[in-house]
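Keep the model open while reading.

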Amino acid sequence: MSQGPRSGLAAVSSALLAMSRHLEVRDVLKTIVASARELLDAQYAALGVPDDHGGFAQFVVDGVSDAQWKAIGPLPRQHGILAAMLHEAKAERLADVRKDPRFEGWPAAHPDMSDFLGLPIRDEDEVIGALFLANKNCPKPNGGCGFTEEDEELLSILAQHAAIALTNARLYERSRELTIAEERSRLAHELHDAVAQKLFSLRLTAQAAATLVDRDPSRAKGELQQVAALAAEAAEELRAAVVELRPAALDEDGLSATLRTQIQVLDRAHTARVTFTGRGFRALPAAQEEAMLRVAQEALHNALRHSGADHVAVTLERSGCGAVLRVTDDGSGFEPQSIRRAGRHLGLVSMRDRTNGVGGTLTVESAPGKGTTIEMEVPGG
């Protein structure tokens with residue numbers, strides 16, 4: 001095998017590894033475009049994900065500065081050569097895109113392009129994107145096309161794997177959305193219970209005030225003041241539901257901020273006091289942060305539903321390159337010898353699985369009447 005194909009295969013391998021490191025759709029798109037441009041040594045590369053209205057839901061470019069991209073203006077529509085790739089699902093390799101009869105021009109700020117190579121990205125029979133490059137960095141004698149048949153084959157391999165990476169990223173985001181929706185529903189239920197309790201108390205107090213108005217106006221006045229206080233508390237609970245009950249954007253807010261927000265909601269929703277303390281925590285790999293969040297949620301659920309605790313304290317602190325999470329309650333506790341039986345009841349099996357899955361350790365300390373402490377430590381990146 002010649003040196004050219006060997007270097008080409010090595011470049012494809014590097015590109016595929018780069019794509020496999022990302023799960024966010026936007027990151028996957030950027031990696032595909034950058035990998036394609038580097039692989040084929042092109043000046044420009046772009047990838048468009050079509051919508052159902054003749055435009056693009058997402059459009060990522062590489063080789064164009066942010067200022068230049070802003071000056072170009074609105075995203076392109078599905079017309080001309082782009083439409084051919086999307087609707088006819090075939091490759092387009094042109095010596096000069098400007099001379100093609102389908103070419104319809106571009107905005108004034110758009111960079112000048114000549115040779116062109118484009119491929120659809122397909123998931124079975126569905127075209128899920130269009131990947132294209134322009135201006136190969138090589139001599140173009142007599143105006144010939146810079147992109148070769150071998151370039152098209154390499155880009156075809158990349159496009160096939162790009163389809164897999166893009167589909168996996170979409171599945172990951174959908175899975176995360178479902179998890180967030182599930183957690184949101186659980187928190188909403190807890191807030192609903194808290195508001196319902198406040199409104200029930202308010203109703204009883206108002207009824208008591210009504211019976212006292214004629215025979216004991218002074219006591220009736222006190223009861224009405226209590227009605228006002230309960231109404232204010234109920235309004236605060238509803239405000240928390242509207243303002244603070246939002247999807248846990250772990251990738252945007254980070255673990256510490258996400259935990260703090262959720263614990264504020266739980267503190268309002270339960271009679272037990274729920275507190276959070278963060279000490280020197282720094283960002284961890286995404287998988288470790290997600291595992292710590294899920295373990296914290298499970299431990300909090302156990303403490304608030306089953307332990308009868310008056311206070312549940314959550315701490316998150318740095319430990320070397322990693323972090324330690326502790327969830328401590330002053331509830332009923334249980335016998336350590338019954339840990340196997342309690343493990344199923346309290347979700348400890350699930351917590352251990354999540355912890356082991358990210359290379360961490362989980363310890364459980366408990367005794368009857370002495371409360372419970374669940375500690376999770378992860379190594380970091």
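Helix 2 holds 16 residues and spans 23 Å from its first C-alpha to its last. That is close to the 22 Å expected at 1.5 Å a residue, where the expected span is 1.5 Å times one less than the number of residues. Helices (H or I, at least four residues) and strands (E, at least two) are DSSP runs, numbered from the N terminus.

This is a predicted model: local features need pLDDT of at least 70, side-chain atom pairs count only at pLDDT 80 or more, and totals for chains, interfaces and linings use all residues. Residues are numbered from 1 along each chain as its sequence is written, and side-chain values use heavy atoms, without hydrogens and water.

Several residues of helix 2 are buried, among them Val25, Val28, Leu29, Ile32, Ala36 and Leu40. Buried means under 20% relative accessible area, exposed over 50%, and partly exposed in between (1.4 Å probe, protein chains only). An α-helix has 3.6 residues a turn, so residues three or four places apart point the same way. Aspartate 41 follows helix 2 and has a positive phi, near 55°.

In what order do the 5 strands of the open sheet stand? The order is 2-1-5-4-3, with antiparallel pairing. Two strands pair if DSSP finds at least two bridges between them. Strand 2 (56-62) and strand 3 (92-94) are at the edges with a single partner strand each, so one side of each has no neighbour in the sheet. On average, neighbouring strands are turned by 15° against each other, direction ignored.

Helix 2 (residues 25-40) lies across strand 1 (42-50), strand 2, strand 4 and strand 5, at about 40° to strand 2. Helix 4 (residues 80-88) also packs on the sheet, touching strand 1, strand 2, strand 3, strand 4 and strand 5. The direction of helix 4 makes about 140° with that of strand 5. Contact means heavy atoms within 4.5 Å. Axes are lines fitted to C-alpha atoms, for helices over the stretch in contact, and angles run from 0 to 180 degrees between N-to-C directions.

**Antiparallel pairs**

| Strands | Bridges | Opposite residues |
|---|---|---|
| Strand 4 and strand 5 | 8 bridges | leucine 117 and leucine 133 |
| Strand 8 and strand 10 | 7 bridges | valine 327 and isoleucine 374 |
| Strand 9 and strand 10 | 6 bridges | serine 366 and threonine 372 |

Strand 10 is mostly covered, with 5 of its 7 residues buried. The hairpin of strand 9 and strand 10 has 5 residues between the strands. There, glycine 369 takes a positive phi near 75°.

**Cores**

A nonpolar core is a set of buried Ala, Val, Leu, Ile, Met, Phe, Trp, Tyr and Cys residues joined through side-chain atoms within 4.5 Å. The largest has 32 residues. Leu259, Met292, Leu300, Val312, Leu325 and Met376 touch the most other members. Elements giving two or more residues include helix 7 (250-269), strand 7 (311-319) and strand 10 (372-378). Helix 8 gives the most, with 9 residues. Leaving out residues up to four places away in sequence, methionine 292 touches residues including Leu255, Leu316, Val324 and Val378. A second, separate core of 29 residues includes Leu39, Ala42, Leu47 and Leu133.

**Cysteines**

Counting pairs of cysteine sulfur atoms within 2.5 Å as disulfides, the total is 0 disulfides. Cysteine 138 is partly exposed because its relative accessibility is 29%. Cysteine 321 is partly exposed too, at 46%.
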